[in-house]
Structures are given as structure tokens and as C-alpha cells.
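Thanks for coming, everyone. Let me put the structure up, and then I'll walk you through a few spots.

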Amino acid sequence: MKKTFRFSVLALSIVIGTSFIFTFCSKDDDTKTDADADQIAYDAADGIRGALLYDHVLNEKLVEDTKMTDQPNFFRCKSCHGWDLKGRTGVLIDKASSETYPEVADVNLVEEVRVNDGIREIFDAIKHTDGRDPSSGTYTATMPNFSTILTDADIWDLVKFIKETAHQTDDFYTLTTTGTYPNGTKSFSDIGKDGDAAAGLATYNAKCVSCHGADGSKINVYCKGIWLGNMFRDDPHEIQHKAIWGMPLDREHIAGGCTDAGAMSPTGITDDDVRNLMVMGQDTVAFPDYHE
Ligand code: HEC
Ligand code: HEC
């Protein structure tokens, strides 16, 4: 009797003690481990790869499903959020939706989300498991469920792009807007800010001339009558992105028979280099508009 009692007390205290340790320590450990794992994944992520995914998820991942590739704008981050990440208040203020273009998202990824959200919140928002089914063949403004297209490592690359790699485009040009989406207007000024044209030309000759030619006319972008000169003046929002991070293989225009189309690897230039190139590119004699 005595022996059994002592044994039970001992057994009970072991059980309680163990579960106490288990409950409290494991809770702490779990929370700590999750946050640590997130931080480790984030630290290992590549924001430049994130830039390529942001440009064109389907081309960067070489997705083949025609339910997606037939309507790429409904899957490209930049189509709903803008090259400047500013959504409806940025460069997409005048971009109405159509059969081939989604309604623009009413959220500012660079001035709100980057500032207010933690890496886990951004990760979950991009994974968006309750979003539009990518293989459903429905094309709406609802952000797709990217969990079936992107791996967790891909998503961390995008989190890093949004959180730190992406530019605050106000550092590269001034965007002036009037009105509200989708009936607003926009104009660019002060393109390249206080950049230096001569320094820009030196960078151009070192890093761009071999493919784009001395006056920017060697590649007819998309075979649509666009030389680099046009882009420096009309599309600084796209220049600030692609001049540094390049672009994934342009499968649409290659499939359309454009032999100038291709891929462009990240160039490794700096933000200052981009501003210098932008100022250089305002010269319509050195970098003319497209002509036959
Ligand atoms: C078809 C349009 C569409 C596409 C494509 C799209 N999004 Fe979105 N995204 C939205 C909409 C709409 C919202 C929700 C805005 C809201 O109502 O808060 C959103 C929300 C987000 C948010 C959360 C913002 C917040 O409020 O916390 C992030 C982050 C985000 N998108 C990143 C991306 C990334 C990265 C991609 C590409 C992999 C992408 N989106 C592709 C439409 C899109
Ligand atoms: C190895 C060749 C190569 C080099 C070097 C190169 N590019 Fe490109 N670039 C391309 C190709 C190919 C395209 C894709 C054209 C297409 O598919 O329409 C492109 C596209 C672009 C575009 C985007 C056009 C668009 O709207 O899609 C910009 C902007 C651009 N290049 C700027 C630059 C700048 C600035 C440099 C130097 C810092 C540079 N490139 C260096 C080959 C190159």
C-alpha cells in the first residue's frame, strides 16, 4: 500500500513535471523556431531574382499551362501593382481594365506594405492560398493563388524584393498625376534626377552598347517600334527596373516571330548608374526616337 502510494506520487509528479516542461518550453521553442526559420529563409533570399519574378512570374518559371500563358497580365505582379509598386496612385493611374488587362490593385506595396508589414505577412499575402485558381481559366482582378506556381523559396525572393530591393521610384524621376484611377493622367519630369550624362554614356558603352547599339537602335523592343531612346523618355518607370535587373525570357514576342526579343540578365549597375543613364537618354540626337 505504502509502496504503491509512493510510486503513484512519484509517477504523477513525473507526468506533471514533464508535461509542464513540455508545454511551456515547447511553446517557446515553436514560436522562436518559426520566426527564426522565416528570418533564415528571408536572409537567404535573392531580391534580384524576386525582381524577375515580379516582372513576369510565368516566363521566369517557364510555366506551360495555356490557361495562364494566354493571359499573362492576370498573373504578372507588375500588371496589377505597377513597375513602381504604387498600384492605382502610381503609373497605372490611367490604365483601365480590359479583356487582356486586370483592374489595378488598390494597395501601395512600397509606401504601405513595405513599411507596415512583417516578412511573414508579406509571404502569406503573396502565397495567397485562397486566391483565384490559376488553372481555372477565369481572369479577374483577384490576386491569384500563387502557391501552385511558386515555391516557398520563390516567394521569399519576392518578399525580399518588396521589402528592400525594389526602388522608391521618386528617387529616379518625378511622377505627376491628376484625377483618380482609371481616369487619371500622368506625366514624368526630372527623369534621372541629378544624374550625369557623361558618366551615363561611360556606363552605357561598358554595359549596354554591345546589345543595344551606339544610339539604342540595335534592338527594336518587342518589334513594336521602340528603341531605348523612346524608353528613356517615355517609360522611365520600366527603365528603373529593367536597366538593373534585366528581364526573363520574352516568350510571347519570340513566339510572335520577333527575332529582337530575348532575355536580359541583371546588369549589376548601381542606382546612380541608372540615374546617369536616364539623363544621358534624354538626348534625342544621341538616342533618337524609333524610325524606319
Ligand atoms: C490580377 C491582379 C494581381 C496580380 C497578378 C497580383 N496581385 Fe497582389 N494583390 C492584388 C489585389 C487586388 C490585392 C489586394 C489589395 C487589397 O484589397 O488589399 C493584392 C494584394 C497583394 C499584397 C498584400 C497587400 C496588403 O494589403 O498587405 C501583396 C504583398 C501582393 N499583392 C504582392 C503581389 C505579388 C508579389 C504578385 C506577383 C507574384 C502579385 N501580388 C500579383 C492583385 C494582384
Ligand atoms: C547581352 C545583351 C544585352 C545587354 C548587355 C543589355 N541588354 Fe537590354 N535587352 C536585351 C534584350 C535581348 C532585351 C529584350 C528585348 C525584348 O525581348 O523585347 C533587352 C531589353 C531591355 C529593356 C526593356 C525593353 C522592354 O520594354 O522590355 C531595357 C530598358 C534595356 N534592355 C536596357 C538595357 C540597359 C540600360 C543596358 C545596360 C545597362 C542593357 N539593356 C544591357 C539585351 C541586352
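**The core, the ligand and one leucine**

So, the largest nonpolar core has 56 residues, and those with the most contacts inside it are Leu158, Val159, Ile162 and Met278. By core I mean buried Ala, Val, Leu, Ile, Met, Phe, Trp, Tyr and Cys residues joined through C-beta atoms within 7 Å. Helix α8, residues 152-165, gives the largest share of this core, 6 residues; helices here are DSSP runs of H or I, at least four residues, numbered from the N terminus. Domain 1 (42-170) and domain 2 (191-292) both contribute residues, so the core lies between them. Those bounds come from an automatic or database domain assignment.

One caveat: this is a predicted model, where local features need pLDDT of at least 70 and side-chain atom pairs count only at 80 or more, while totals for chains, interfaces and linings use all residues. Residues are numbered from 1 along each chain as its sequence is written, with chains lettered from A and ligands numbered from 1 in the order in which they are written.

Now ligand 1. It's surrounded by 24 residues, counted when the C-beta atom, placed from the backbone, lies within 6 Å. The closest are Cys77, Cys80, Ala105, Ala125 and Met143. Helix α5 supplies the largest share of that shell, 4 residues.

Last, Leu249, in the loop between α12 and α13.

Conventions:
Helices (H or I, at least four residues) and strands (E, at least two) are DSSP runs, numbered from the N terminus. A residue is buried if 20 or more other C-beta atoms lie within 10 Å of its own, exposed if 12 or fewer, and partly exposed in between; C-beta atoms are placed from the backbone.
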